[in-house]
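Hello,

Here is the structure you wanted to look at. My notes on what turned up follow below it.

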Amino acid sequence: MAGPPQPLLERLKDYGQEDAFALWDELSPSEREILVKDIESLDLPRLDRILRCSLRSQGLPTPAIEPVSEANVSTIEERTMEERERWWKMGLKAISEGKLAVLLLSGGQGTRLGSSDPKGCFNIGLPSGKSLFQLQAERILCVQKLAAQSVADGAGGFVPIHWYIMTSPFTDEATRKFFESHKYFGLEADQVTFFQQGTLPCVSKDGRLIMETPFSVAKAPDGNGGVYSALKSSKLLEEMAMRGVRYVDCYGVDNALVRVADPTFLGYFIDKGITAAAKVVRKAYPQEKVGVFVQRGKGGPLSVVEYSELDQSMACAINQGTGRLRFCWSNVCLHMFTLDFLNQVANGLEKDSIYHLAEKKIPSIHGHTTGLKLEQFIFDAFAYSPSTALFEAVREEEFAPVKNANGSSYDTPDSARLLVLRLHTRWVVAAGGFLTHSVPLYATGVEISPLLSYAGENLEAICRARTFHAPCEITY
């Protein structure tokens, strides 16, 4: 009986992975063919480099963490109305010139929401029944319109915002079909680009490949930080440059209030002349399950520490001067980068090859076995930035996470829906409108179509002296 292809077996032996062929004699000819193709698709030198670098980095001392200096944060209290208006106009001007692209991280399924569909397909129960994808698409449409209107002489014409959507092997086909079936939610099909994040083999604690079946290696997505290598390998960074893009707004899919392509944030970013920025909200309470920005050592780069990794005494520490938490700036996955910086990060992360080693139960030929998934995170980029700033956002206006199924204690579709309805209710009242409701107001409200207003602007003509019966959607 013929054994596995000798050159391939020798290559596996070079990296101590020959066990991948351990069950060769028990496989059918078609299964052997599948296994050979699977092994041939692996970049074994890269995997070996990642494992060595990542395991070595685990043994190195981590620099002590410090609270982020106030000088690195633009807080809500310190911003003037004049500054906000100036940044809004600067951002709209850059958008009208085609300098901004939007990058969506959408590789996850809604498993915790009780759905196998991509998270962006999820309907959180708003009166309109719109999915997260549709809400975000319509915000892009609204900003495009505002940017076109902001060009004083109209000479610039209309410039669409290009939307890059990172999927995973588990969400790619369903995401594309969802967009096609909804006619791209009013966007032009050619202004939306889908691309897939990579996968990496799952390994045992001693670095051996885990076999999911006798003829296939267990693999997992490489984390949302895989976006950097995926953009590079798919030549999309070069495509962005050819389009004239200079800035990239990057965010996660599971935020019902995300301000996609926020002109104010973009204007602030341009004004500061920095390479990387993140929107943050103040941590609500010490045990809130959010990562926080910290400074690595005195004057070191900003980075994010996950809530599970932050010592409880640090999580509860109070700044005696302000009475607030010392580590208070929550990472909510709302980032802005220059295109030049994204190129630098993609090269740096690949060169350094340091991944987070997540211990998980991996499906294998021996049942679920404990192993390691290799992941990078979107915030790993900040370690490469010579100039990072944090921009405080109002939690109730920009952060409505959708992570857990209804019935959970936090971050559910119900809690996100209420945050949207309450915000939009405040917009209506501020514009001179009135509400009636048949259920308690704290449990209801109105929804304003993103096509009407991006952040509460331009509603007076629609709302003044009008009464709306909640819950409802206002579309005109």
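**An aromatic pair, and what surrounds it**

Phe179 and Phe194 are both buried. Please keep in mind that this is a predicted model.

Where do these two residues sit? Phe179 belongs to helix 6, residues 172-181, while Phe194 belongs to strand 5, residues 192-196. The pair therefore ties together parts that are 15 residues apart in sequence.

How are the rings arranged? A pair of aromatic rings is described by the distance of the centres and the angle of the planes. For Phe179 and Phe194, the centres are 5.2 Å apart and the planes stand at 80°. Edge-to-face requires an angle over 60 degrees, so this pair is edge-to-face.

Ring pairs join Phe179 and Phe194 with Phe133, Trp163, Phe178, Tyr184 and Phe185 in a cluster. In total, the structure contains 19 aromatic pairs.

**Lys403**

Next, a charged residue. Lys403 is in the loop that runs between helix 12 (395-398) and helix 13 (413-430).

Is Lys403 buried or partly exposed? Its relative accessibility is 27%, so Lys403 counts as partly exposed.

As for Ala220, it is 183 residues from Lys403 along the chain, and the two C-alpha atoms are 20 Å apart.

**The protein overall**

Now the whole chain. The protein has 14 helices and 21 strands. Its C-alpha trace spans about 85 × 55 × 50 Å along the principal axes.

How does the radius of gyration compare with that of a compact globule? For 476 residues, such a globule would come out near 23 Å. The protein has 24 Å, which agrees.

Of the 476 residues, 53% count as buried. Among contacts with a separation of 6 or more, 74% are between residues 24 or more positions apart.

Last, the charges. There are 50 positive and 57 negative side chains. The centres of the two sets lie 3 Å apart.

Best wishes

Definitions and conventions. Residues numbered from 1 in each chain as written. Predicted model: local features only at pLDDT ≥ 70, side-chain atom pairs only at ≥ 80, totals over all residues. Heavy atoms only, no water. Helix = DSSP H or I, 4+ residues; strand = E, 2+ residues; numbered from the N terminus. Rg over C-alpha atoms; globule rule 2.2 N^0.38 Å. Buried < 20%, exposed > 50% of the residue type's maximum accessible area, 1.4 Å probe, protein only. Contact = heavy atoms within 4.5 Å. Lys, Arg positive; Asp, Glu negative; His and termini not counted. Charge placed at Lys NZ, Arg CZ, Asp CG, Glu CD. Phe/Tyr/Trp six-rings, centres within 6.5 Å; stacked < 30°, edge-to-face > 60°.
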